[in-house]
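Dear colleague,

I am passing a structure on to you, and it is placed just below. My notes on what was found follow after it, and I would be glad if you read them alongside the coordinates.

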Amino acid sequence: MAEALLLARGLCKSFGALRASDNIDFDLLEGETHAVIGPNGAGKTTFIGQLSGDLHPDAGTIRFAGEDVTSLRAPARARRGFARSFQITSIYREFTALDNVALAVQARAGHSFRFWRRAREEDVLRDPARRVLEEVGLGARAGVLAANLAHGEQRQLEVAMALATGPRLLLLDEPVAGMGSDESQRMVEFLSRLKGRQSIILVEHDMDAVFSLADRISVLVYGRIIATGTPQEIRANADVRRAYLGDDVQLAWAHAERR
Amino acid sequence: MRSRARKLVLLAMLALLVLVPPAAALLHQLFYVDLLRRVMIFGIAAVSLDLILGYGGMVSFGHAAYLGVGAYAVTVLAYYGIHDGLLQWAVAIGGSMLVALAIGAVSIRTSGIYFIMITLAFTQMLYYLGISLDVFGGDNGMRLPERSQFFGLINLNNGTEFYYLVLTILAAVVLLVQRLVESRFGMAIRAAKSNEARSRAIGFSPYPYKLAAFVISGGICGLAGALLVNHTAYLTPDFMQWTRSGEILFMVILGGVGTTAGPVLGAFTLLVLEDVLSGWTEHWQIILGPLLVLAVLFAKRGLAGLLPGGRGG
Ligand SMILES: Nc1ncnc2c1ncn2[C@@H]1O[C@H](COP(=O)(O)OP(=O)(O)OP(=O)(O)O)[C@@H](O)[C@H]1O
Ligand SMILES: [Mg+2]
């Protein structure tokens with residue numbers, strides 16, 4: 001069997017005495033959507049941060065497409081095909097939606113030591129950016145300042161920026177967090193259209209979203225992955241149920257199961 | 001239409017500046033040519049600072065360093081009998097870019113107050129270096145032996161010719177910076193200023209772009225230094241004093257951060273007010289200070305923000 005697209009082995013990351021990642025092994029196959037769930041403070045964002053290169057692990061290795069990328073920083077990983085959305089929306093607020101996405105296209109189009117031509121007049125940047133905006137449903141909002149978009153639109157914009165880099169791997173940290181139910185449904189629909197075409201690591205609290213999107217689920221508790229499996233296997237796993245006992249998620253879960 | 005309005009304002013400013021020498025001659029007030037030439041030279045320095053401050057978010061509190069490097073380059077070469085302006089100014093620009101490369105390489109790894117302090121510290125070092133160079137007059141400085149020469153094409157001893165040369169350079173610098181900040185390069189540094197984490201996540205390493213902007217800015221300011229020493233015909237280490245850096249910074253803030261040409265208005269306001277007030281009273285700084293504070297408080301986007309089209313990015 002070919003090597004997985006992404007392989008993390010023995011990732012450890014501590015903040016003082018707190019072990020936010022405790023010997024994590026994780027892999028993602030090409031085209032797979034692998035969800036990471038777990039209670040608040042379990043270390044999901046910390047894990048994503050180490051994959052994206054924003055955080056450096058204390059120990060462990062990360063291989064991507066056959067290459068050891070552990071020592072690469074975020075920009076270098078991005079150029080190899082990592083794209084990330086942040087739990088707290090991270091966009092260029094002073095720029096229009098189209099500018100935001102065009103910048104992502106530009107970042108992917110080689111170096112930016114081009115000093116004379118106006119970037120906003122370059123069709124090679126603007127056209128692909130427009131297409132991606134259309135794709136995520138923001139086509140009509142292209143000219144709006146990102147700061148003036150609704151919260152849900154900003155989250156869509158962030159996903160659009162990630163896609164515009166032409167990624168081989170999408171790291172999504174709670175893409176539907178804080179969205180209304182209509183908005184979040186649209187986002188889930190959109191992500192399900194990416195399924196299979198795009199390799200995705202999805203961190204999400206919304207169990208409906210997770211169970212409808214994920215091919216596999218890993219459960220992270222206190223920095224450890226306590227289980228990995230198909231949605232059915234995870235549902236049936238006793239450890240997982242125990243870890244969640246008393247948590248809101250238990251309810252959401254039961255709810256998701258009933259559907 | 002904003003950009004159209006802005007273009008008109010810029011052209012109007014340019015036309016006014018073109019008319020200064022004939023108007024001054026008509027009124028027998030040639031001294032205005034001198035004053036406005038000084039304004040434009042500082043305008044060039046302020047525009048160069050706005051490139052990194054307004055678009056790159058880098059608050060350099062040491063831009064006087066490049067004025068100094070540019071001025072020393074011209075004077076030292078002239079001292080050794082080299083008066084060719086092209087060569088002098090090329091050395092002024094190149095030298096400033098090298099110094100900016102060194103200062104930027106260290107300072108751009110930091111941000112906020114550390115960035116400010118490091119740029120200030122480097123400039124102080126250069127200032128004391130200037131003071132200690134006894135060959136070139138040390139603390140007192142020295143007269144520029146001869147103004148830069150351009151094969152007899154332009155005579156800098158002729159106040160009006162020199163004026164139009166400075167005006168041409170100012171216009172070219174404003175045009176250059178405007179193009180720069182709208183190019184891919186400009187978008188990359190503006191993006192890093194807006195949200196560095198986002199930039200890194202889409203694959204921009206901000207450092208090389210910021211450093212390049214810092215070096216370009218230093219080069220432009222070095223050219224202003226070469227002009228300034230030709231303007232004063234006298235070199236002193238004071239060109240590099242930290243208060244000078246503060247003045248340039250103030251011109252940018254007063255004129256409008258991130259407005260490209262706004263800082264020229266800032267330079268104009270600061271230097272003309274200074275000139276007028278110092279004619280009234282020797283305690284002019286007591287009046288100037290509060291006036292400037294008011295201006296900054298009430299014109300949030302600087303003076304440029306008050307003009308039609310001035311808010312355009
Ligand atoms: N930079 C940091 N410094 C210190 N502690 C941190 C830092 N980042 C995260 N932590 C701590 O590490 C633990 C894991 O945080 P993390 O954000 O990864 O959790 P999470 O699973 O993403 O939680 P949530 O569901 O709330 O987003 C938490 O206890 C958090 O307080
Ligand atoms: Mg999190």
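**Around ligand 1**

A polar backbone atom of A:Ala42 lies 3.2 Å from an oxygen atom of ligand 1, a polar contact being a pair of N or O atoms within 3.5 Å. Please bear in mind that this is a predicted model, in which local features need pLDDT of at least 70 and side-chain atom pairs count only at pLDDT 80 or more, while totals for chains, interfaces and linings use all residues. Residues are numbered from 1 along each chain as written, chains are lettered from A and ligands numbered from 1 in the order in which they are written, and side-chain values use heavy atoms, without hydrogens and water.

Two side chains also approach oxygen atoms of the ligand: a polar atom of A:Gln87 is 2.8 Å from one, and an N or O atom of A:His205 is 3.0 Å from one. On its own ligand 1 has 640 Å² of accessible area, of which the protein covers 61% (Shrake-Rupley method, 1.4 Å probe; for residues, only the protein chains shown count as cover). Helix 1 of chain A, residues 44-52, gives the most to the shell around the ligand, with three residues (helices are DSSP runs of H or I, at least four residues, numbered from the N terminus).

**On chain B**

B:Leu11 lies in helix 1 of chain B and is exposed, because its relative accessible area is 52%, where exposed means over 50%.

With best wishes

Key. Polar contact = N/O pair within 3.5 Å; in protein donor to acceptor, adjacent residues only side chain to side chain. Helix = DSSP H or I, 4+ residues; strand = E, 2+ residues; numbered from the N terminus. Buried < 20%, exposed > 50% of the residue type's maximum accessible area, 1.4 Å probe, protein only.
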